[in-house]
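Student: Please take a close look at one helix pair in this model and at what surrounds it. I would like one connected account.

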Amino acid sequence: MWVTLAMVLIYTLSIGAILLLNAESVMSLFTSDPNVIRVGALAMQYFCPFYFILGILHALAGAVRGTGRTVPPMIIMLAGMCVFPILWLQAVLPQFHSIPTVFMIYPLSWAVSAMLMLIYTLKAHWLA
């Protein structure tokens, strides 16, 4: 699990930095529409710096699933990545009606889920 976490951090931070520094070039691989490129590059500013959190979440969830405990990761991921975003969109979006408000839900939901998974993982007694 610790090796996987280290690998996830190295990979996601490296690739995230490369993608973020070349956001418009990367987006232009998929479209030539300048508006789409602009919004896509903006989205990458919200996602790329925090993508490592999603990697940590999945590494921890995989470690827990590997112990045979499959239901807790499922519940944590459903709560953090399905229920929390819906609540966010209902509570915050009407107050701050903008695309960045929608983009922020991704790293926030990753962080909520990863924190819940980390707490569960560290509280479990299979780690020695």
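Tutor: The crossing of H4 and H6 is left-handed. This is a predicted model. Two packed helices are described by the angle between their axes and the distance between those axes. For H4, residues 51–66, and H6, residues 99–123, the angle is about 35 degrees and the axes lie 9 Å apart.

From H4, the contact takes in Tyr51, Ile53, Leu54, Leu57, Leu60, Ala61 and Val64. Their counterparts in H6 are Trp110, Ala111, Ser113, Ala114, Met117, Leu118, Tyr120 and Thr121. Sorted by type, the residues of the contact of H4 with H6 comprise 13 nonpolar, two polar and no charged.

Ser109 also has its place in helix H6. Its relative accessibility is 4%, so Ser109 counts as buried, the limit being under 20%. A polar atom of the Ser109 side chain lies 3.0 Å from the backbone oxygen of Tyr106. With neighbours within four places in sequence left aside, Ser109 is in contact with Gly80, Met81, Phe84 and Pro85.

That leaves the cysteines to consider. A disulfide is a covalent bond between the sulfur atoms of two cysteines. A search of the whole structure finds zero disulfides. Cys48, at 11% relative accessibility, counts as buried because that value is under 20%. Cys82 has 38% relative accessibility and therefore counts as partly exposed, a class that lies between the 20% and 50% limits.

How values were computed
Residues numbered from 1 in each chain as written. Predicted model: local features only at pLDDT ≥ 70, side-chain atom pairs only at ≥ 80, totals over all residues. Heavy atoms only, no water. Axes fitted to C-alpha atoms, helices over the stretch in contact; angles between N-to-C directions. Helix = DSSP H or I, 4+ residues; strand = E, 2+ residues; numbered from the N terminus. Left-handed = near helix turned anticlockwise from the far one by under 90°. Contact = heavy atoms within 4.5 Å. Nonpolar A, V, L, I, M, F, W, Y, C, P; charged D, E, K, R; others polar. Buried < 20%, exposed > 50% of the residue type's maximum accessible area, 1.4 Å probe, protein only. Polar contact = N/O pair within 3.5 Å; in protein donor to acceptor, adjacent residues only side chain to side chain. Disulfide = S-S within 2.5 Å.
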